[in-house]
Amino acid sequence: MQNARTWKMSAAGTTANGFISYGDKADYYKVTLSKAGKITCKISKGFVGDLSYTVLLPDDMTSVRSGNIEGKGTADKKISESFTVYLEAGTYYLRVKPREGSLTSYGIYTMNTKFSTVTNDSKANNDPRNATRLAVNGCYANGCLTWQDTSDHYAFRTEKDGKIELNVKKNFSTVMDYEILNDATLTALETGSFTGKAGVYTVTKELPAGSYIIRIKKHASDEGTYSLKVADKAPGTPTIKKVTVKSTKVTGTAMPNTSVTIQAGSKTYTATSNASGTYTVKIAKQKKGTVIKAYAKNSLGTSAAKSIKVTAK
């Protein structure tokens, strides 16, 4: 580790070449991150035996991520393995070595890496008493769950009894856990997991007026970025940009991550607004004067409809 090769990180990608031999049974690469980020690495081996890799914390050699590249690779036919890891700012090491017990794990390998920074709330919000404040019906908060940062806390307050909607955009395909806590007692009022692919998830909960904590938790080794928002009202009326007889889509704005329904003549189309609040719906070409209606909907209600007419140009 003291003689580790510097492993340079860039968004464009970098390549490192290595060689494992009988007299050189491990290579170390030093990684220094000034910001939290996502590392995507592809290791390709050009030999028959198995190759092992491990991402390590430098203080106690703790393994953050590890794996083996198995299979009958050759110099002409390489076998590859890819992994992704999210890490806080700091120093790390990547170790590449023969798999334990293998007598043929020697040869050339290539390592291709890409790095991108992520929006990551301060690790201070790991504690519910240092929770990031969320305004109900306000902007989205962005966070990242990593090996070292396994939970984030967000505080919000409702001024009236009724339903709230927790809207979460999960940017990774594995599992993420959540809890809604009473702020005073930290008692869990709602627990669950978002288990599907990357996308938008909503949770609706009936709550009395008061203060609450949302805890976003890392599930097992699953990690990645997310954004969340709390709402206690139905979405407002969406907008629609001009539609002509040549148009094949309808665009406009609505509450972010909200279901939008478009009625064009006798046909109905649906889409979901993105995190910035814009939406696009593909439609068939319409005749001049056809009425186009748009309305938005979430678990708390449906907006009033916005109407326009198709124009000649």
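Two strands count as paired where DSSP finds at least two bridges between them. In this predicted model, β2 and β9 run antiparallel and are joined by 7 bridges. Within that pairing, Asn-17 has Thr-110 of β9 as its bridge partner.

The pair belongs to an open sheet of 4 strands, ordered β2-β9-β4-β7, with antiparallel pairing. Because β2 and β7 stand at the edges with a single partner strand each, one side of each is left without a neighbour in the sheet. From one strand to the next, the twist averages 20°.

**Nonpolar cores**

The largest nonpolar core comprises 26 residues, of which Trp-7, Ile-39, Ile-43 and Leu-94 touch the most other members.

In soluble globular proteins, nonpolar side chains tend to be buried together.

When neighbours within four places in sequence are left aside, the residues in contact with Ile-39 include Trp-7, Met-9, Val-31 and Leu-33. Phe-83, Thr-84, Val-85, Leu-87, Lys-114 and Phe-115 are also among the contacts of Ile-39.

**A buried aspartate**

Asp-149 is placed in the loop between β11 (141–145) and β12 (151–158). With a relative accessible area of 0%, Asp-149 is buried. The side chain of Asp-149 makes a polar contact, at 3.5 Å, with the side chain of Asn-126.

Key
Residues are numbered from 1 along each chain as its sequence is written. This is a predicted model: local features need pLDDT of at least 70, side-chain atom pairs count only at pLDDT 80 or more; totals for chains, interfaces and linings use all residues. Side-chain values use heavy atoms; hydrogens and water are left out. Helices (H or I, at least four residues) and strands (E, at least two) are DSSP runs, numbered from the N terminus. Buried means under 20% relative accessible area, exposed over 50%, partly exposed in between (1.4 Å probe, protein chains only). A polar contact is a pair of N or O atoms within 3.5 Å; within protein, one must be able to donate a hydrogen and the other to accept it, and residues adjacent in sequence count only if both atoms are side-chain atoms. A nonpolar core is a set of buried Ala, Val, Leu, Ile, Met, Phe, Trp, Tyr and Cys residues joined through side-chain atoms within 4.5 Å. Contact means heavy atoms within 4.5 Å. Axes are lines fitted to C-alpha atoms, for helices over the stretch in contact, and angles run from 0 to 180 degrees between N-to-C directions.
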